[in-house]
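Subject: Structure handover

Hello,

Here is the structure I promised to pass on. Please open it alongside this note. My findings follow below.

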Amino acid sequence: MDKLAERLRDDAARIEVDVSDELDRRIEASLRAQTRQAPAPQRPPARPPLFWWASTITGIAAAVAVIAIVNLQVEQQPEPAVPVDLLATTPRIELNAEAAMLTAPLHDELDRLQSDLRKAEEKVRRDIGL
Amino acid sequence: MIAAAKAGSVEAFTDLVGGYRTRLLRFLLTRCASFADAEDALQDTLINAFRYLHSYDPRWRFSTWLYRIAIRNAGKLHRHDVVDLTAELGDLRDEESDPLQQCIADSESENLWVSARRLLNDEVYAAMWLRYTEDMSVADISNTLDRSVSWTKVNLMRGRRALENELGGAGNGNEAYG
């Protein structure tokens, strides 16, 4: 031990104090008052590790059961088909041709084009189920 | 004994703290403004220790835990507050009214703990006290003061240097901590 440490220890010992009997009595009375007011709180006994495992497994099982029940209750029902009148909703294409100004080959060409257009229109309707 | 005290036995608790009462009172005296305050702080410390004994962790020394409570209680009766107040009133406090001076046996040289109280702040003073009168390890002191180990090491060294300077550089100042 070095000189300073020794001196500090000695000087601490030179501080003369004593716990008086009166203080002793006061402290004991206060301690007894504490026990009367409220018993020293006890730490609840630790639960065994098995308890935590059981709780975890129970929790997982409950979650799985809830998910399964929810999934079983929801049936996969197809959406009901709502009939749509496409003829009413689709605007009709007006084909205005001024025949007087057309020459014969062009007129034939127009007939063919209109025929193709009609066929295409029918095909579209067929495809969409009307 | 601790188990019996934890169960609420006042007798067991009194036996348990019997060896610490005087040491705690001596420590508290150095931090309180009057002997009566130190006695009150000791009483509060022991009552709180009894009340919260269930929270005591046996991994730590019992004295570490007890001193921690004592320091908190002494903080409520902070000597600096009193010193500041008396300074404002014209330094009414003199050596004769200092409880520490009253309890020190007459000697040619000044008690080093009186010098320490003048030179060091409360925390460094407490660290020095725990180290040199209670032989606590640096880890225990850190835990008691709720400070880091490095803080404790540095401040123990600073405390030593301050006291060595006061003594006129008598010490070597080379004690290693930790």
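First, a definition: a residue counts as buried if 20 or more other C-beta atoms lie within 10 Å of its own, and as exposed if 12 or fewer do. By that rule, 39% of the 178 residues of chain B are buried. Please keep in mind that this is a predicted model.

Confidence in chain A

The mean pLDDT of chain A is 81. In that chain, 81% of the residues reach 70 or more. Helix H3 (residues 49–73) has the highest value, 91. Helix H4 (residues 86–89) has the lowest, with a mean of 73.

Overall build of chain B

Chain B has eleven helices and zero strands. Take the contacts in chain B between residues at least 6 apart in sequence. Of these, 56% join residues at least 24 apart.

The core

Which residues have the most contacts inside the largest nonpolar core? They are B:Leu24, B:Leu28, B:Leu66, B:Ala70, B:Ala127 and B:Met128, in a core of 49 residues. H9(B) gives the most to this core, with eight residues. Domain 1 (1–103) and domain 2 (106–178) of chain B both give residues to the core, so it lies between them. As background, nonpolar side chains tend to be buried together in soluble globular proteins.

B:Leu28 is then in contact with B:Ala38, B:Ala41, B:Leu42, B:Ala70 and B:Ala74. One of these, B:Ala70, is also among the core residues with the most contacts.

Two aspartates with positive phi

Two loop residues deserve a look. B:Asp135 has a positive phi of about 55°, although it is not a glycine. It sits in the loop between helix H9 (122–132) and helix H10 (138–145) of chain B. Is B:Asp135 buried or exposed? It counts as exposed, because it has 11 C-beta neighbours inside 10 Å and the cut-off for exposed is 12 or fewer.

B:Asp146 also has a positive phi, of about 60°, and it is not a glycine either. Its place is the loop between H10 and helix H11 (149–166) of chain B. B:Asp146 has 11 other C-beta atoms within 10 Å, so it is exposed.

Best wishes

Terms used: Residues are numbered from 1 along each chain as its sequence is written. Chains are lettered from A and ligands numbered from 1 in the order in which they are written. This is a predicted model: local features need pLDDT of at least 70, side-chain atom pairs count only at pLDDT 80 or more; totals for chains, interfaces and linings use all residues. Helices (H or I, at least four residues) and strands (E, at least two) are DSSP runs, numbered from the N terminus. pLDDT is the predictor's confidence in each residue, from 0 to 100. Two residues are in contact if their C-beta atoms, placed from the backbone, lie within 7 Å. A nonpolar core is a set of buried Ala, Val, Leu, Ile, Met, Phe, Trp, Tyr and Cys residues joined through C-beta atoms within 7 Å. Domain bounds come from an automatic or database domain assignment. Lists of a residue's contacts leave out its neighbours within four places in sequence.
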